[in-house]
Amino acid sequence: MLSLGRNPGQYLVIGKDIVIQVVSVDGDLRLAIDAPKEISIERGEVYEKRHPIPQCLKRLREKSMKW
């Protein structure tokens, strides 16, 4: 898992066709995601109701408990 700090206006590119940009709306930080329609994008809490928690998130949560 890659962990990055980004400021509003900065973005990440995943592969050739997914762009995630950090945007600021009324002081809140939000993500704008541009991806092909065939790629599913779900909020984590919705995803976890339907699927097991991914291993990378389990490891991240374990590490954060040690900090």
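A residue is called buried when its relative accessible area is under 20%, exposed when that area is over 50%, and partly exposed in between, using a 1.4 Å probe and the protein chains only. By this rule, buried residues make up 6% of the 67 residues in the protein chain. The structure is a predicted model, in which local features need pLDDT of at least 70 and side-chain atom pairs count only at pLDDT 80 or more, while totals for chains, interfaces and linings use all residues. Residues are numbered from 1 along each chain as its sequence is written, and side-chain values use heavy atoms, with hydrogens and water left out.

The protein chain contains two helices and three strands, which are DSSP runs numbered from the N terminus (helices: H or I, at least four residues; strands: E, at least two). Along the sequence these elements follow the pattern β-β-β-α-α.

The overall dimensions come next. The radius of gyration of the protein chain is 14 Å, whereas a compact globule of 67 residues would have one near 11 Å; the radius is taken over C-alpha atoms, and the globule rule is 2.2 Å times the number of residues to the power 0.38. Along the principal axes, the C-alpha atoms fill a box of roughly 30 × 30 × 25 Å. Among contacts (heavy atoms within 4.5 Å) with a separation of 6 or more, 6% are between residues 24 or more positions apart.

The surface and its charges may be considered together. The protein chain exposes about 6100 Å², of which carbon and sulfur atoms supply 53%; accessible areas come from the Shrake-Rupley method with a 1.4 Å probe, and for residues only the protein chains shown count as cover. There are 12 positive and 9 negative side chains, and the centres of the two sets lie 6 Å apart. Lys and Arg count as positive and Asp and Glu as negative, with His and the chain ends not counted; each charge is placed at NZ of Lys, CZ of Arg, CG of Asp or CD of Glu.

The structure holds three salt bridges, each a side-chain nitrogen of Lys or Arg within 4 Å of a carboxyl oxygen of Asp or Glu. Glu48 pairs with Arg61, their closest N and O atoms being 2.7 Å apart. Glu48 lies in helix α1 (residues 44-50) and Arg61 in helix α2 (residues 55-66), so this pair ties together parts that are 13 residues apart in sequence. Glu48 is partly exposed at 30% relative accessibility, and Arg61 is partly exposed at 38%. Arg50 meets Glu42 at 2.9 Å, N to O; Arg50 is exposed at 61%, while Glu42 is partly exposed at 30%. Arg43 joins Glu45, with the closest N and O atoms 2.8 Å apart.
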